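Thanks for coming. I'd like to go through one structure with you, starting from the inside.

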Amino acid sequence: MAAAVAASSGSTPGADVEKGAAGSDTNVDGGAPAAAGEGVVGAVVRRWRRQDLLEKSGSALRVAAWAFSLLAFVVMGANDHGDWMQFEHYEEYRYVVAIGVLAFIYTTLQLVRHGVRLTGGQDLQGKVALLVDFAGDQVTAYLLMSAVSAAIPITNRMREGADNVFTDSSAASISMAFLAFVCLALSALVSGFNLAKQTYI
């Protein structure tokens with residue numbers, strides 16, 4: 001009777017244990033591709049977040065450069081106190097005004113581009129946009145630094161003889177131009193990093 005029962009069951013305890021072990025091995029092997037897929041997705045998400053942070057940082061720096069360049073040429077342009085205390089009498093100060101206006105226009109256009117991207121509009125494509133950002137930031141920062149370097153010596157000579165509202169306004173304008181240069185120089189670093197790490201994902 002016992003033999004008949006064993007035969008009718010068609011399995012042994014040992015065979016059941018082996019089947020259970022095989023089933024558990026199958027589950028473990030199936031989990032590996034899922035974990036790998038989650039790792040890839042996580043890496044892509046982190047990369048997108050980093051790119052978004054870099055874009056926001058570049059835009060914030062250009063906003064600051066926009067404000068400083070505006071102050072630079074407005075303060076210098078209003079520096080007119082009669083006689084020799086008029087900015088247009090000095091080519092160094094006229095250069096500061098001209099470069100301040102140029103930097104203001106450049107940063108305004110860059111902020112318009114950023115606004116177009118935020119609203120889903122059409123912007124320059126791929127590497128062209130990154131090249132424009134990088135080259136534009138570098139050239140404008142260089143011009144601002146050259147204007148600052150040209151205006152500092154004459155301002156120092158004037159302040160040795162007479163420290164008044166004209167020289168104070170000139171120094172304030174030069175300081176604003178220098179801060180605009182710092183912002184665009186940092187923005188150029190961000191643009192260069194984005195260009196070097198360009199991805200098509």
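First, the ground rules. This is a predicted model, where local features need pLDDT of at least 70, side-chain atom pairs count only at pLDDT 80 or more, and totals for chains, interfaces and linings use all residues. Residues are numbered from 1 along each chain as its sequence is written, and side-chain values use heavy atoms, with hydrogens and water left out.

The largest nonpolar core has 26 residues. By nonpolar core I mean buried Ala, Val, Leu, Ile, Met, Phe, Trp, Tyr and Cys residues joined through side-chain atoms within 4.5 Å. Buried is under 20% relative accessible area, exposed is over 50%, and partly exposed is in between, with a 1.4 Å probe and protein chains only. M76, Y90, Y93, L144, M158, F166 and L184 touch the most other members. Two or more residues each come from helix 2 (13–77), helix 3, helix 4 (126–161) and helix 5. Helices are DSSP runs of H or I, at least four residues, numbered from the N terminus. Helix 4 gives the largest share, seven residues.

Take L144. Beyond four places in sequence, L144 contacts I99, A103, A177, A180, F181 and L184; contact means heavy atoms within 4.5 Å.

Now S187, in helix 5 (residues 165–196). Why does S187 count as buried? Because its relative accessibility is 0%. S187 touches G58, L61, R62 and D137, again leaving out residues up to four places away.

Last, the surface. V101, in helix 3 (residues 91–118), is partly exposed at 30% relative accessible area.
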